[in-house]
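Thanks for making time this morning. I would like to walk you through the ligand site of one protein and then step back to the domains.

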Amino acid sequence: MSIAPDSQKLLETDAVIIGAGPVGLFQAFQLGLQEVSCQIVDALPHAGGQCVELYADKPIYDVPGIPVCSGRELAERLQQQLAPFRTPLHLGQQVESLAQLGDGRWRLQTSSGQVLLARAVIIAAGVGAFVPRRVAIGGLSAFEGSQVHYYQVEAAKLEGQRVVVQGGDEAALETALQLTGSGACASVTLLHRNSKFKATPALEQALQQAVAQGKLTLRTGQPVGLQQSADGQRLTALELAVDDEHTETLALDALLPRLGLSPKLGPIADWGLAMERKLLTVDPATLATDLTGVHAVGDICHYPGKRKLLLCGFHEATMAAFAISAYLRPEQRQLLQYTTTSPRLHELLGVAGNLART
Ligand SMILES: Cc1cc2nc3c(=O)[nH]c(=O)nc-3n(C[C@H](O)[C@H](O)[C@H](O)COP(=O)(O)OP(=O)(O)OC[C@H]3O[C@@H](n4cnc5c(N)ncnc54)[C@H](O)[C@@H]3O)c2cc1C
């Protein structure tokens with residue numbers, strides 16, 4: 001699988017998959033077997049959806065043929081399986097709009113301005129796009145992108161600045177330590193509401209070491225307000241509640257909140273698709289929604305008897321791939337080919353020259 005360049009030009013493909021969770025990844029594999037070209041978009045900076053975001057190191061015991069594997073391992077294996085198809089993956093961007101053109105094709109636009117045109121769309125959006133939890137202080141959003149960075153930002157862009165990283169989990173500690181290690185910032189402060197962190201012992205040890213060496217400052221407190229320059233153009237400090245009676249001021253040039261991610265269905269709810277309790281209603285035989293050429297698979301779809309399980313999502317992806325292939329090429333007879341025996345599938349998978357296993 002290849003990470004697509006962040007090109008702003010218009011891309012055309014047979015199908016676009018919204019979501020690089022386990023089901024989106026397997027969907028791309030199944031489309032590959034059907035010789036349907038596709039591209040995947042995900043709001044997260046990495047593939048794997050809930051498996052990586054919510055339970056990366058926890059064991060899964062009910063994937064057929066794999067007695068046990070972690071969420072991260074499953075995501076890695078799915079990407080490995082998909083590799084022969086070199087599917088372009090557009091990460092860190094949310095699909096914001098879906099509109100049909102006069103010729104029946106679908107036009108999708110992402111939060112990075114990337115436009116994709118396709119005859120088929122598969123929504124594999126799970127429980128929604130994982131978006132960073134915002135800091136609940138009035139007026140702070142005005143500084144997003146300039147001084148408040150919810151997404152990864154290069155250390156070079158923070159050169160000479162007093163940077164405050166807010167949060168207490170691994171993402172917060174990793175960000176603070178990376179910035180400390182880069183040596184680019186004038187100072188790095190890790191701000192958390194208490195002194196208990198939710199991270200691996202190795203990360204906590206690295207944190208304490210950086211503090212002991214004077215490279216990193218720890219502050220406890222809850223941001224309750226902000227201070228800005230007289231002209232209102234710059235954020236200059238946070239006001240912190242340190243206990244029930246006292247507040248302190250924390251001067252800064254940049255704030256990097258790392259408060260975790262929460263799933264949001266977001267724009268999908270506005271695309272005019274038939275829904276039932278925030279889920280997309282589909283035909284279980286084809287996974288087609290009520291819009292021609294638009295299918296939904298995995299946790300986001302609903303039909304009688306639906307179960308939000310990986311196995312069910314993988315089945316849905318397979319059924320959707322057959323249906324999309326038939327929709328795109330109505331003149332072509334649909335064959336059921338086995339990966340075990342089909343020379344054509346071996347060719348597609350790049351295993352044509354391998355000796356057959358006995
Ligand atoms: C703690 C936990 C343990 C679990 N254990 C098991 C288990 O043991 N066995 C099992 O079978 N199932 C298990 N599940 C359920 C399983 O993880 C889900 O069924 C599965 O992840 C669904 O996959 P998906 O690809 O449909 O959705 P997701 O994994 O949710 O992936 C959807 C992706 O779509 C992206 N996305 C959404 N909207 C947009 C948009 N507009 N633009 C761009 N990207 C978008 C999201 O960022 C996300 O990456 C577990 C779930 C949890 C929370």
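In this predicted model, a backbone N or O atom of alanine 129 lies 3.3 Å from a nitrogen atom of the ligand, which counts as a polar contact, that is, a pair of N or O atoms within 3.5 Å. Taken alone, the ligand exposes 1000 Å², of which the protein buries 86%, with accessible areas coming from the Shrake-Rupley method with a 1.4 Å probe. On the oxygen side, an N or O atom in the side chain of aspartate 299 is 2.8 Å from an oxygen atom of the ligand, and a polar backbone atom of leucine 310 is 2.8 Å from a ligand oxygen atom.

A word on conventions: residues are numbered from 1 along each chain as its sequence is written. Local features need pLDDT of at least 70, side-chain atom pairs count only at pLDDT 80 or more, totals for chains, interfaces and linings use all residues, and side-chain values use heavy atoms, with hydrogens and water left out.

Around the ligand there are 31 residues, each with a heavy atom within 4 Å of it, and the closest are Asp42, Tyr55, Val95, Asp299 and Leu310. By class, this shell has 17 nonpolar, 10 polar and 4 charged residues, where Tyr and Cys count as nonpolar and Gly as polar. Helix 1 (22-33) is one of the elements supplying at least two shell residues, and helix 1 gives the most, with 3.

Finally, the domain assignment, automatic or from a database, gives domain 1 (2-130 + 262-349) and domain 2 (134-259), and their C-alpha centres lie 36 Å apart.

How values were computed:
Polar contact = N/O pair within 3.5 Å; in protein donor to acceptor, adjacent residues only side chain to side chain. Helix = DSSP H or I, 4+ residues; strand = E, 2+ residues; numbered from the N terminus.
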